[in-house]
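Colleague: I am new to this structure and would like to learn how to read it. Could we take some features in turn?

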Amino acid sequence: MAIPFDFDTLTALYRTMARIRAFEDAAERASQGGVTAFGQNASGGASVRGPLHLSTGQEAVAAGVCAHLQREDLLTSTHRGHGHTLAKGADLARTMAELFGRATGFNGGRGGSMHIADFSVGMLGANGVVAAGLPIAVGAAHALKLRGVPHVVTCFFGDGAINRGPFLEALNWAQVFALPVLFVCEDNRWSAMTPSTPLIAGDGAAERARSLGIAATTVDGNDVLAVHAASGDLLRQVRGGEGPRLLHALTYRLKGHVSVDPARYREPAELEAALRDDPIERARNVWREAGGAATELDSLDRAAHAEVAQAVAAAATAPWPAATAAYDHVQNTGAGVWR
């Protein structure tokens with residue numbers, strides 16, 4: 001069944017998805033040392049060093065959920081968190097600079113791809129440990145409740161996280177104390193390089209949440225309007241003091257586990273089917289079928305690519321962190337003296 005929408009809403013959702021896709025594509029090229037829109041990286045090697053986990057193909061989940069979040073609301077993410085960071089309102093150029101390890105990044109180049117955080121927009125951090133964002137989100141939600149402030153926490157995690165202990169611990173604590181948190185399972189069908197389904201007993205994230213008394217909704221995670229509608233309903237319940245909720249969004253990871261992983265372990269037919277179900281193309285189809293001009297979306301795509309190109313150019317020329325800052329934010333270093 002088609003979900004009613006207005007063009008302003010779909011425009012905003014599409015803009016977010018287009019920015020995330022353009023960002024991920026540029027970051028992927030930079031991590032592989034390839035040619036970008038503004039030429040080869042000066043060293044001839046990769047500008048983004050270390051593991052880079054892309055959310056290409058999962059843009060509708062980040063866009064649909066975060067469209068309902070206020071600046072004061074909090075968010076925790078995963079090692080695949082660039083899209084969540086951007087959708088929550090973090091500055092795109094500073095996000096790219098963080099991936100490049102530059103001093104102008106949110107965390108001065110220390111966090112890199114897997115540990116981006118921007119407290120100014122409530123983004124408490126991506127996390128390189130699977131399921132580690134769940135208890136952090138619950139702790140933040142408990143703090144909000146104790147302080148009596150009218151904000152919520154959204155916690156993104158993947159299907160691979162639901163087999164780890166923190167998933168059960170976090171959901172149990174949130175339910176016992178009726179905390180204001182929305183759990184969002186981005187079920188992209190893969191746990192690193194292993195298909196998730198054979199490893200998950202029972203009916204998955206939503207049913208496990210219901211076993212604890214947490215209301216859960218399963219949604220087509222590649223339909224941005226469906227995600228937007230379902231997450232909006234759940235967040236209204238959370239804001240209304242009804243306790244935690246869970247959204248199980250079925251999507252697909254179009255890229256390998258990391259940016260240099262060709263993912264040849266996947267069946268070609270599976271990937272081909274997923275590419276036909278691209279959430280951005282689906283949004284374009286809805287737009288056209290409703291009478292919208294494709295040129296308007298093309299303009300959003302061009303704007304996203306131009307913004308990302310400027311961000312990469314700025315990151316590539318930004319200063320490296322100063323060597324004298326190596327001990328900043330590190331505990332027990334003897335006032336910067338190596339021991």
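This is a predicted model: local features need pLDDT of at least 70, side-chain atom pairs count only at pLDDT 80 or more; totals for chains, interfaces and linings use all residues.

Colleague: How are two packed helices described?

Modeller: Two packed helices are described by the angle between their axes and the distance between the axes. Take helix α1 (residues 7-32) and helix α2 (residues 59-66): their axes come within 9 Å and cross at roughly 135 degrees. That makes α1 oblique to α2. The crossing of α1 past α2 is right-handed.

Colleague: Which residues of α1 and α2 make the contact?

Modeller: On the α1 side they are Leu13, Thr16, Met17, Ile20 and Arg21, and on the α2 side Glu59, Ala60, Ala62, Ala63 and Gly64. Sorted by class, this contact of α1 with α2 has 6 nonpolar, 2 polar and 2 charged residues.

Colleague: How many residues of α2 are buried?

Modeller: In α2, 8 of its 8 residues are buried, so the helix is mostly covered. The buried residues are Glu59, Ala60, Val61, Ala62, Ala63, Gly64, Val65 and Cys66.

Colleague: At what angle do α1 and helix α4 (residues 92-99) pack?

Modeller: The angle between α1 and α4 is about 25 degrees, and their axes are 12 Å apart. That makes α1 roughly parallel to α4, because angles under 35 degrees count as roughly parallel. Here too, α1 passes α4 in a right-handed crossing. From α1, Arg19, Phe23, Ala26 and Ala27 meet Leu92, Thr95, Met96 and Leu99 of α4. The classes in the contact of α1 with α4 are 6 nonpolar, 1 polar and 1 charged.

Colleague: What covers the buried residues of α4?

Modeller: The cover includes α1, α3 (82-87) and α11. Of the 8 residues in α4, 6 are buried: Leu92, Thr95, Met96, Ala97, Glu98 and Leu99.

Colleague: Which residues is Val224 in contact with, leaving aside its neighbours within four places in sequence?

Modeller: Val224 contacts Leu10, Leu13, Met17, Ala60, Ala63, Gly64 and Ala283. Leu13 and Met17 also take part from α1 in the contact with α2, as do Ala60, Ala63 and Gly64 from α2.

Colleague: How is burial read for one residue? Is Thr154 buried or exposed?

Modeller: Relative accessible area decides, and under 20% means buried. Thr154 has 0% relative accessibility and therefore counts as buried. Its place is in strand β3 (residues 153-158). Not counting residues up to four places away in sequence, Thr154 touches Val65, Leu69, Leu74, Leu75, Thr76, Leu182, Val184 and Leu235.

Colleague: How far apart in space are Ala316 and Ile280?

Modeller: From C-alpha to C-alpha they are 28 Å apart, and in sequence 36 residues apart. For Ala306 and Arg164, 142 residues apart along the chain, the C-alpha atoms are separated by 40 Å.

Colleague: Last, the backbone angles. What should I look for in phi?

Modeller: Most residues other than glycine have a negative phi, and most peptide bonds are trans. In Ala178, phi is near 50 degrees, a positive value in a residue that is not glycine. Ala178 lies in the loop between α6 (165-176) and β4 (181-187), and with a relative accessible area of 34% Ala178 is partly exposed. Ala263 also has a positive phi, of about 55 degrees.

Colleague: Where is Ala263 found?

Modeller: Ala263 is in the loop between β8 (245-250) and α9 (268-276). With a relative accessible area of 5%, Ala263 is buried.

Methods. Residues are numbered from 1 along each chain as its sequence is written. Side-chain values use heavy atoms; hydrogens and water are left out. Axes are lines fitted to C-alpha atoms, for helices over the stretch in contact, and angles run from 0 to 180 degrees between N-to-C directions. Helices (H or I, at least four residues) and strands (E, at least two) are DSSP runs, numbered from the N terminus. Angles under 35 degrees count as roughly parallel, over 145 as roughly antiparallel, 65 to 115 as roughly perpendicular and the rest as oblique. A crossing is left-handed if the near helix is turned anticlockwise from the far one by less than a right angle, and right-handed if clockwise. Contact means heavy atoms within 4.5 Å. Ala, Val, Leu, Ile, Met, Phe, Trp, Tyr, Cys and Pro count as nonpolar, Asp, Glu, Lys and Arg as charged, and the others, Gly among them, as polar. Buried means under 20% relative accessible area, exposed over 50%, partly exposed in between (1.4 Å probe, protein chains only).
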